[in-house]
Amino acid sequence: GCEALESIKIPDRVKTIGKNAFYGCSALRSVEISDSVTSIGESAFAYCNFLKTIEIPDSVTSIGNRAFSYCVQLESVKLPAGLERIENTTFYNCNDITEIEIPESVTYIGERAFSACNKLKAVKIPSGVSVIENSTFAYCFGLENVELPEKLTIISDQAFDRCKSLKSIELPSGLKTIGKNAFSYCQKIEYVIIPETVTSIGKEAFADCSALEIADLPDGLTQIENGLFYNCKK
């Protein structure tokens, strides 16, 4: 809550940036983190409204929930090469991020981790991620391209809800479950091929996909909830 603080340099001896450390430092524009830091705590930089770029050193292995949420002008983020988890709402409502490279070391991406990143255009999910959690990329209005890993087995509820610019999605061959509203209001998707491994599709999973013309459903599908293709006018 130091509203006049504009820059900070974390010295070499610091190992941890704790919970809420710079929460609400609304004028903060420059952050230099030394490579002695190994963890960034929950909401550590949340609501730093003027923060535009941040480079997280490779020494960091843990980033807490909401660490950069509501950094509404954040444009560029370098994530550390050894990062294993991106926790819930880490970059929630970071409106100005246009691209982010998720390290191959990441095996977990939490709920709403990138939700409402309106300008994010493309994302590649690392090969070790097996679940897209609830609302992970929901309301990413500018998201056009998503590359999903082959090991992915679950796309959870609202995972890509209202990704209005998403033009196509290639679902991996080992996918088993598609949650409710997983792709609802993805208004530019024209076709979708659902792998034979999928056995369950949740309520309104593709509802209001107004450009959808072709949908290929697997023979082994055992559960289709209400409104799967509701309001898919084509």
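This is a predicted model: local features need pLDDT of at least 70, side-chain atom pairs count only at pLDDT 80 or more; totals for chains, interfaces and linings use all residues.
The cut-off for a disulfide is 2.5 Å between the two sulfur atoms.

Next, go to Cys25 and Cys2. By the distance rule, the model has zero disulfides. Cys25 is in none, and the nearest cysteine sulfur, that of Cys2, lies 5.1 Å from its own. Cys25 is also buried, with a relative accessible area of 2%.

Now show the strands and select residues 16-17, 39-40 and 62-63. These are strand 2 and strand 6, together with strand 4. They make an open sheet of three strands in the order 2-4-6, paired in parallel. Strand 2 and strand 6 are the edges; each has a single partner strand, so one side of each is left without a neighbour in the sheet. Zoom in on the pairing of strand 2 with strand 4: two bridges join them. In one of these places, Thr16 has Ser39 of strand 4 as its bridge partner.

For the last stop, select the lining of the largest pocket. One stretch to pick out holds Asn145, Val146, Glu147, Leu148 and Glu150; the other holds Ser168, Ile169, Glu170, Leu171, Pro172 and Ser173. Colour these residues by class to see five nonpolar, three polar and three charged. The pocket they line has a volume of about 160 Å³.

How values were computed
Residues are numbered from 1 along each chain as its sequence is written. Side-chain values use heavy atoms; hydrogens and water are left out. Two strands pair if DSSP finds at least two bridges between them. Helices (H or I, at least four residues) and strands (E, at least two) are DSSP runs, numbered from the N terminus. On a 1 Å grid over the protein atoms alone, a cavity is a set of points where a 1.4 Å probe fits but cannot get out, and a pocket is an open set with protein on both sides within 12 Å along at least five of seven lines; lining residues have an atom within 4 Å of a point. Grid points are joined across faces, edges and corners, and a volume is the space filled by probe spheres set on the points. Ala, Val, Leu, Ile, Met, Phe, Trp, Tyr, Cys and Pro count as nonpolar, Asp, Glu, Lys and Arg as charged, and the others, Gly among them, as polar. Buried means under 20% relative accessible area, exposed over 50%, partly exposed in between (1.4 Å probe, protein chains only).
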